[in-house]
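My entries follow the order in which I looked things up.

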Amino acid sequence: RWPQQAVALWRTGLLLSFLHICTCLEEECVLGVVGRPVSLPCFYPQLLTFKDFSIEWRKDDKVVLRSVFENSRNIEELSADGGTLSSNATEAGDFSLELPAVDPAEDKRNYGLFLISEANQSDALCTVCLRIAASFSRPLVRREEAADRGNDTSFYCHSAGGFPEPRVHWLINHTAEPPEGSVRTVAALLPDSYLYNITSYLKVNISKALSVSCGVENALLNETFTSTSYGTPPSKVAGRASEAMWIFSTGLSAVVGVMVAAGVGYQIHLDRVSKRKKLEFQYQQNKRGRPLNKPPPIVCCSGLRVTFDPRGYKRSRLTDDAESIVETEVTMVESKESNV
């Protein structure tokens, strides 16, 4: 018995020393996405040289899976988190741990594969660090303008349901970064899911025509989702329509002014023609000896009589014998016509 036990212990010690030397000292990290299965890789074909052995996958110090092999067959497997070994374990030496889903609470946890014997256990044959990530929603950007804030414009950016905490980038007109101190970002960790909701505020004095973009970057997933609040530049169509309307209004005003001036001038011409024809008609009537509405003579107190003449008014002084014309004042009709 003693020689057999000594040989068994010697073989176990030799195996553990060999596995210790072959263990990869560098830790490898695997990225798991929330709600999706993930595989923690461990390829160790050296274990296939033994027919009977046991292995354990541990998360930190907690055993999450234990498998017992006899005659190179997996006869027993116990799992705490629903994990399983790869189906190629006994064929290709693939002892990877398959997890059905991951949770943000498991972020930055270390997993290790250990070989278990009756009295000893090896150092970790494989070590894997697990990082967890979740995509953020496309950010919602809103522009807020208030009269009581002067010339400053406020912008609101919100994204939800991601992990880990992201970085938020603001850009003005797709190129310029906002001034220092103009951005305030708040990250809220949801207690039930350990996911983040991110809200960022930008307050800056810019023109309404400029656009503002908000980007939410998840470095682990190498994802950046960006949304833009576009400005309100003056419309080219509206500008052209306004210019055409101004030209049309100006032209219409000029045409109306010319028409009014022409109408006034024509009316003045008609008045002059009418007055000239009236005077000509009166003159012809007087010339034929048919004066129109000849008034009776007027006798003044000093013996002066005023009579109507076709050419105007006449003043005569009366004597005892006959009418004697002392003074005559005549206003010619032709001179009236020339003055019109």
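**Strand pairing**

Strands here are DSSP runs (E, at least two residues), numbered from the N terminus, and two of them pair if DSSP finds at least two bridges between them. I note that the model is predicted, that local features need pLDDT of at least 70, that side-chain atom pairs count only at pLDDT 80 or more, and that totals for chains, interfaces and linings use all residues. Residues are numbered from 1 along each chain as its sequence is written, and side-chain values use heavy atoms, with hydrogens and water left out.

For β8, I recorded that glutamate 56 stands opposite its phenylalanine 114. I then followed β8 to strand β9 (residues 126-133), which runs antiparallel to it and is joined by five bridges. There, tyrosine 111 has valine 128 in β9 as its bridge partner. I also checked burial: six of the eight residues of β8 (residues 109-116) are buried, that is, under 20% relative accessible area with a 1.4 Å probe, protein chains only.

**The open sheet**

I next traced an open sheet of four strands, ordered β10-β11-β14-β13 with antiparallel pairing. Because β10 (140-144) and β13 (183-189) stand at the edges with a single partner strand each, one side of each has no neighbour in the sheet. I noted that β10 pairs with strand β11 (residues 153-162) in the antiparallel sense over five bridges. In this pair, leucine 140 stands opposite histidine 158 in β11.

How values were computed. Buried < 20%, exposed > 50% of the residue type's maximum accessible area, 1.4 Å probe, protein only.
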